[in-house]
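Here are my notes for you, written as numbered points. Keep the model open while you read, and click on each residue as it comes up.

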Amino acid sequence: MKRFSKKIRLSVLGLLVTASACTNNFEEINISPTQPRSVPAEYLYSQAQLSGFLADGTNWWQVGSWVQQWASGSLSAPSQYLEDRDIYETNNWTAHYELIKNLSQIRNQLLKGEEATPTGRTKLAIARITEIYFWQRMTDFWGDIPYTQAGLPDNNLILLPKYDKQEDIYKSLITELDAAVAQLTATDVSYGNADFVYKGDVTKWRKFANSLKLRMGMRLRFADAALARKTVEEALKAPLIESNADNGAMPTVTQDGNPFGYHPTIGGYNSSKELNQLAAPFIDVLLAKNDPRLPRIAEPTENSKKAGKPIYRGLGVALGGSVIINRDDYSYGTIAIYNDRKATFPYVFLAYSDNLFFKAEAALLGWGGLTPAQAEGFYQAGIRATMQIQPYSIAETAITEYLSREGKLTGTEEQQLEQIMNQKWISLFMRHYEAYAEWRRTGYPKLKPGPNPGTTNGQIPRRGVYSSTERLRNATNYNEASSRMANGDTYLSKVWWDKR
């Protein structure tokens, strides 16, 4: 027995010695010879652009339906004013915070310590400007959200972050944007081809950031007029996106043989045609204005084409699940554009036309040295710029003819604002989050809710609801944020800047 016990002790000792010998080189042995020890900043930044900027054009079945450009029918619960936290809201929330996580990794880890160097300064500034763009979209959609305690380094990670007030988030974003612009340096190393939008062009990123600031300032117009005016006037003094060549636009790939990077409207059309019929209010406005963009937006109904008398007809919004419709009696997106797997066009997410419509609004207010007499010129230029981009590419003669009918601003200041926003609504087709934000900000166009009561008593939702995982996992902070809203965490509560 003693000999057996001695053998066991010797065997264990041998294993310990062997294990000790193995762990001496453990780190070296367990490093993959084929995979990088850290992900390059360029890779994370490219992924953020690809996932984040193209996401502006997704969610047509929810936000696009609320702003009445698309009518998704009963297949989409949110389009019927029904909450669906477990699928739509949770997936959307998770995807957005994954974007923030990836971009924050660039500043917290990959380029940490290079803030003042030519190899890191401008890369960090561009990544921060991009992150601010996403933060604005997030707070515009949800209102109060985790902000200061999100996107922190791993060694300071807060698993249950507090929800910051939207008012505080906006003030911080404007300050952070100014700081990022100040760091842009033309002679620095940039992202190059890893930057799909501007190829690392610092001049264009500066214009982009100032245009984003202009948008952020105008968003606050009815919530904090003093800060709004200050922010807008500062932006107007700086270089802005000055032509369609400067547009914030993501190149896209065709669906024929490519795994990702589709134009979101083309990708959506080909994934579920039933979710992609145009809304009646949108089609009716285009018809009433005899808008030359209509054939580049909508397809005549299938049954009218079969009958030899093509007509455009939009589907009503939020009709309810019990309403039976024949989808061939309503217009889909233009087949030659959105159903062509071998063709595509860039996805514009921040446009020259945006600045022109903002300038028209600023002119009505007399902000930034502009005068009401200048508003019409900016208004017309905004319409022209929108019509010139793909997929419209409207001929100049047709644009001129349209402006002869629709290019005159008339009436009171408020009536002129309504005209500007009605045209901006058309210009924001395929940019659902921004169209939804601008409708809530100004109250234009005047949209009537669909007949289905949903969970809103028949009102158009004013915000997205929080993820169901937040309600369960981060209950204390979730409940505090919900208590700050007039109607709690529902579609009926308004975000801070929504005053109309």
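1. Start with K207, a lysine that counts as buried because its relative accessibility is 13%. Buried here means under 20% relative accessible area, with exposed over 50% and partly exposed in between (1.4 Å probe, protein chains only). This is a predicted model, where local features need pLDDT of at least 70 and side-chain atom pairs count only at pLDDT 80 or more, while totals for chains, interfaces and linings use all residues. Residues are numbered from 1 along each chain as its sequence is written, and side-chain values use heavy atoms, leaving out hydrogens and water.

2. Where does K207 sit, and what does it touch? You'll find K207 in helix α8 (residues 202-219); helices are DSSP runs of H or I, at least four residues, numbered from the N terminus. Not counting residues up to four places away in sequence, K207 touches P239, L240, I241, E242 and D246, where contact means heavy atoms within 4.5 Å.

3. Two of those neighbours deserve a second look. The K207 side chain makes a polar contact with the side chain of E242 at 3.3 Å, and another with the side chain of D246 at 3.2 Å. (A polar contact is a pair of N or O atoms within 3.5 Å; within protein, one must be able to donate a hydrogen and the other to accept it, and residues adjacent in sequence count only if both atoms are side-chain atoms.)

4. In soluble globular proteins, nonpolar side chains tend to be buried together. The largest nonpolar core here has 140 residues, and those with the most contacts inside it include W135, W205 and F429. Helix α6 (residues 121-142) gives the most to this core: twelve residues. A nonpolar core is a set of buried Ala, Val, Leu, Ile, Met, Phe, Trp, Tyr and Cys residues joined through side-chain atoms within 4.5 Å.

5. Click on F429 next. Leaving aside neighbours within four places in sequence, F429 is in contact with Q69, W70, L278, F282, I297, Y338 and Y392.

Key: Helix = DSSP H or I, 4+ residues; strand = E, 2+ residues; numbered from the N terminus.
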